[in-house]
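Here's a short tour of a protein model, written for someone new to reading structures. Take a look at it first, and then we'll walk through it piece by piece.

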Amino acid sequence: MLAALDLGLKAWAERGLTDGQAVDLGIIQLRLAFNPGVAFSLGDTLPAWVVLTVTGLITAGLGVFAWRTTRTATLALSAALAMMLAGALANFIDRVADGVVTDYLHTGWFPTFNGADVLITLGAIALVLATMHAERTVETGSG
């Protein structure tokens, strides 16, 4: 559902933010951009098939890890993995069509990004926090 939401927002951005239009929402703007690379445009000069293959393998690996882990994982860990997987899957699906990812969130001080990027980042933060909490729980013996 999270991946579908991001893909819907990307489709809206492609239709609604044409000709350099931007919608100012205060701290953030809605502005259309396309990224042939990955985070911070890394790999943007590589052939599209290389980026697609690498991101596809990473997404598949994350999916297998999540599938094998969530049966015994805490709710926090499962949610973190779900956010990361939804974001990775949305960006992968978006990239398949034309080799680029549609970005639509712009701050002026940070590269333009999208909802999938937010999910990946928040999921990674939640994963670190859930892991730290689990390690602390094991050390103290409390639940």
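## A ring cluster

Is Phe113 buried or exposed? Phe113 is buried, with a relative accessible area of 15%. (Buried means under 20% relative accessible area, exposed over 50%, and partly exposed in between, using a 1.4 Å probe and protein chains only.) Phe110, on the other hand, is partly exposed at 34%.

Before going on, a word on the source: this is a predicted model, where local features need pLDDT of at least 70 and side-chain atom pairs count only at pLDDT 80 or more, while totals for chains, interfaces and linings use all residues. Residues are numbered from 1 along each chain as its sequence is written, and side-chain values use heavy atoms, with hydrogens and water left out.

Now back to the rings. Rings of Phe, Tyr and Trp (its six-membered ring) pair if their centres lie within 6.5 Å; planes under 30 degrees apart are stacked, over 60 edge-to-face, and the rest tilted. That rule gives two aromatic pairs. Phe110 and Phe113 make an edge-to-face pair, 6.0 Å from centre to centre with 80° between the planes. Ring pairs tie Trp109, Phe110 and Phe113 into a cluster.

(Strands are DSSP runs of E, at least two residues, and helices are runs of H or I, at least four, numbered from the N terminus; two strands pair if DSSP finds at least two bridges between them.)

Strand 2 (residues 29-35) and strand 3 are joined by five bridges. Gln29, for instance, has His106 in strand 3 as its bridge partner.

Leu62 lies in helix 2 (residues 48-69), and Leu62 is buried at 17%. Setting aside neighbours within four places in sequence, Leu62 is in contact (heavy atoms within 4.5 Å) with Leu81, Met84 and Leu85. Leu62 and Met84 are 22 residues apart along the chain, yet their C-alpha atoms are separated by 8.2 Å.

Thr69 is in helix 2 too, and counts as buried at 16% relative accessibility. With neighbours within four places again left aside, Thr69 is in contact with Leu77 and Leu81.
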